[in-house]
Amino acid sequence: MDNFWPLFGLRLVLRDVVLRPLREEDLPGLAAVLPPDVGHDPRLAMWPTHSFDENERRLFCQGYWKSLGTWEPSSWVLHFAVSYEGGLVGVQTLEGENFPALRTVDTASWLVPGARGRGVGTAMRTAALDFAFGTLGAETAVSSAVVTNAASLGVSRRVGYAENGLSRIVDTGGDVADLQHFRLTADRWRGDSVTVEGFDPCRPWFGMAG
């Protein structure tokens, strides 16, 4: 399978945190530990025949399959499984919509509660951003989180994002929530000692010369 989908050989390493593209066999284990604050695109429907947790697990799995089935060099969504201390502890997503023209990436992530407060959230976002700016040639990164998600907001500020306005959404539970937006440009990116492995076979998948 790796010969046909070289992205599976990609690795981003920052100290003791490793990011690798999510595989189908990872889905059951990660779906079983989805935290209650993981969130998802509020435009996606919650099936009335499913409980809240069942809907979240379904949307997590469907999001992974959709990212594979709709991949194009110009528009892609890459879900990384995050490994720390020998186990999978979350997912870091990097998305590039109309990337060759816009040179902009969006990030999203979630982390199991047991791995929080150890710098893992900052490390996984740093690894993804360093890959985006340093390897893919992104010019801008954006992110957003509801104003009550202090952990995500804190990571964005620590890695250098600037606040970029507020909007309102209807969240998963049907409540109206304020969404804080962030923006980070390549010239303000501080970088870190992120090791990127296995990228060369992936270059055409991002519209880059082999």
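**View A. Glu163 and Arg157 meet in a salt bridge, with their closest N and O atoms 2.6 Å apart.** A salt bridge here is a side-chain nitrogen of Lys or Arg within 4 Å of a carboxyl oxygen of Asp or Glu. Glu163 is partly exposed at 49% relative accessibility, and Arg157 is partly exposed at 44%. For these labels, buried means under 20% relative accessible area, exposed means over 50%, and partly exposed lies in between (1.4 Å probe, protein chains only). Please keep in mind that this is a predicted model, in which local features need pLDDT of at least 70 and side-chain atom pairs count only at pLDDT 80 or more, while totals for chains, interfaces and linings use all residues. Residues are numbered from 1 along each chain as its sequence is written, and side-chain values use heavy atoms, with hydrogens and water left out.

**View B. Arg15 forms a salt bridge with Asp192.** The closest N and O atoms of Arg15 and Asp192 are 3.6 Å apart. Arg15 sits in the loop between β1 (11-14) and β2 (17-21) and Asp192 in the loop between β8 (176-185) and β9, so the pair ties together parts that are 177 residues apart in sequence. Helices (H or I, at least four residues) and strands (E, at least two) are DSSP runs, numbered from the N terminus. Arg15 counts as exposed, with 58% relative accessibility, whereas Asp192 is partly exposed at 34%. A search of the whole structure finds 5 salt bridges.

**View C. Glu85 and Arg118 join through their side chains in a salt bridge.** The N to O distance is 3.3 Å. This pair links distant parts of the chain, with Glu85 in the loop between β3 and β4 and Arg118 in the loop between β5 (104-111) and α4, 33 residues apart. Glu85 is exposed at 61% relative accessibility, and Arg118 is partly exposed at 46%.

**View D. Trp76, Phe206 and Phe131 belong to a cluster linked by ring pairs.** The structure holds 14 aromatic pairs. Rings of Phe, Tyr and Trp (its six-membered ring) pair if their centres lie within 6.5 Å; planes under 30 degrees apart count as stacked, over 60 as edge-to-face and the rest as tilted. Trp76 and Phe206 pair edge-to-face, at 5.1 Å centre to centre and 85 degrees between the planes. Trp76 is in strand β3 (residues 76-84) and Phe206 in the segment after β9 (195-197), 130 residues apart. Trp76 is buried at 2% relative accessible area, and Phe206 is buried at 4%. Phe131 and Phe206 also form an edge-to-face pair, at 6.2 Å centre to centre and 75 degrees between the planes. Because Phe131 lies in helix α4 (residues 120-135) and Phe206 in the segment after β9, this pair ties together parts that are 75 residues apart in sequence. Phe131 is buried, as is Phe206. Other members of the cluster include Trp5, Phe8 and Trp71.

**View E. Glu72, Glu95, Glu97 and Asp106 form a negative surface patch.** Patches are made of residues with over 30% relative accessible area and no salt bridge: like charges are joined within 9 Å, nonpolar side chains (Val, Leu, Ile, Met, Phe, Trp, Tyr) within 5 Å. Asp and Glu count as negative, and Lys and Arg as positive; His and the chain ends are not counted. Glu95 is placed in strand β4 (residues 87-96) and is partly exposed, at 31% relative accessible area.

Key. Areas by Shrake-Rupley, 256 points an atom, 1.4 Å probe, with all protein chains shown as cover. Charge placed at Lys NZ, Arg CZ, Asp CG, Glu CD.
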